[in-house]
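We will begin with a group of side chains, step back to the whole chain, and then visit a few individual spots.

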Amino acid sequence: MSAPVFDHSRVTVIFVLGGPGAGKGTQCGLLVKDFNFCHLSAGDLLRVEQNREGSEYGDLIRTCIREGTIVPMEVTIKLLENAMTAAIKEKTGDGWAEGKGRFLIDGFPRKMDQALKFEETVCVSSCVLFFSTTEEVMLGRLLERGKTSGREDDNVESIKKRFRTYKNDTMPVIEHYGSQGKLAEVDSSEDVDVVYKLASSVVEDVFSGKKN
């Protein structure tokens with residue numbers, strides 16, 4: 001079996017998981033500023049790809065997003081690998097010398113087979129940062145975001161489908177990493193600053209070698 005594309009001793013990957021509206025994107029934005037991560041959102045990569053002229057995956061991605069189902073993992077993993085390769089070539093500063101890199105991968109893996117395939121073929125993860133909160137909090141945030149986001153899946157019907165998919169498919173991934181001792185759970189119900197203090201301490205532990 002061939003080795004992953006990236007050596008995890010040189011390339012740090014932190015998976016960022018949590019339900020729709022748990023605050024993953026907001027917290028990733030803050031972590032990027034302080035730790036010079038490249039933030040890759042699987043959902044954003046898919047949304048860009050669905051509208052890219054000549055994309056072989058566009059129709060398939062559009063259907064999955066509309067139905068609240070999960071895009072085939074080969075598509076998502078390839079888009080992530082391509083984005084990581086590009087960042088390692090282009091990015092500079094802390095953590096990016098000579099083929100090194102540090103990535104926050106947001107909203108992925110959403111299923112167990114995605115987690116296993118990514119680690120087998122692309123890069124072994126260092127940690128999973130899990131933002132947990134209630135469905136009530138997440139629904140309120142998503143409906144508020146939907147007023148301005150322009151995202152076709154920020155409506156009650158799509159959101160409820162996404163909650164079901166998350167519960168059925170993603171919670172087993174979170175439990176798997178918990179059993180490996182690679183899970184750091186942060187309650188994201190609180191104010192952004194409170195949540196960030198907890199999240200940044202997890203990242204500091206990863207870079208200091210306390211959590212890997």
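Start by selecting Phe-15, Phe-108, Phe-118 and Tyr-177, which together form one aromatic cluster. Here rings of Phe, Tyr and Trp (its six-membered ring) pair if their centres lie within 6.5 Å, with planes under 30 degrees apart called stacked, over 60 edge-to-face and the rest tilted. The structure holds eight such aromatic pairs. Zoom in on Phe-15 and Phe-108: their ring centres are 6.0 Å apart and their planes stand at 65 degrees, so this pair is edge-to-face. The pair links distant parts of the chain, 93 residues apart, with Phe-15 in strand 1 (residues 11–18) and Phe-108 in the loop between strand 3 (101–106) and helix 5 (112–121). Are these two residues buried or exposed? Phe-15 is buried at 0% relative accessibility, and Phe-108 is buried at 1%; buried means under 20% relative accessible area, exposed over 50%, and partly exposed in between (1.4 Å probe, protein chains only).

Before moving on, a word about what you are looking at. This is a predicted model, in which local features need pLDDT of at least 70 and side-chain atom pairs count only at pLDDT 80 or more, while totals for chains, interfaces and linings use all residues. Residues are numbered from 1 along each chain as its sequence is written, and side-chain values use heavy atoms, with hydrogens and water left out.

Now show the cartoon. The C-alpha trace spans about 45 × 45 × 30 Å along its principal axes. Of the 212 residues, 46% are buried. Among contacts (heavy atoms within 4.5 Å) between residues at least 6 apart in sequence, 78% join residues at least 24 apart.

Return to Phe-108 and step one residue along. The peptide bond from Phe-108 to Pro-109 is cis, with omega near 0 degrees. Pro-109 sits in the loop between strand 3 and helix 5.

Next, select Phe-35 in helix 1 (residues 24–35). Phe-35 is buried, with a relative accessible area of 12%. Which residues does Phe-35 touch, leaving aside those up to four places away in sequence? Display Arg-102, Tyr-196, Ser-200, Val-203, Glu-204 and Phe-207 to see them. For another distance check, Phe-35 and Phe-103 lie 68 residues apart in sequence and 10 Å apart in space, C-alpha to C-alpha.

Go to Asn-36, in the loop between helix 1 and strand 2 (38–41). Asn-36 has a positive phi of about 55 degrees although it is not a glycine. Glu-98 is another non-glycine residue with a positive phi, near 45 degrees. You will find Glu-98 in the loop between helix 4 (73–90) and strand 3, and at 71% relative accessibility Glu-98 counts as exposed.

For the last stop, pick Ser-188, in the loop between strand 5 (183–187) and helix 8 (192–208). Ser-188 counts as buried, at 3% relative accessibility. Not counting residues up to four places away in sequence, Ser-188 touches Ala-22, Phe-131, Ser-132, Thr-133, Arg-141 and Val-195.

Note on methods:
Helix = DSSP H or I, 4+ residues; strand = E, 2+ residues; numbered from the N terminus.
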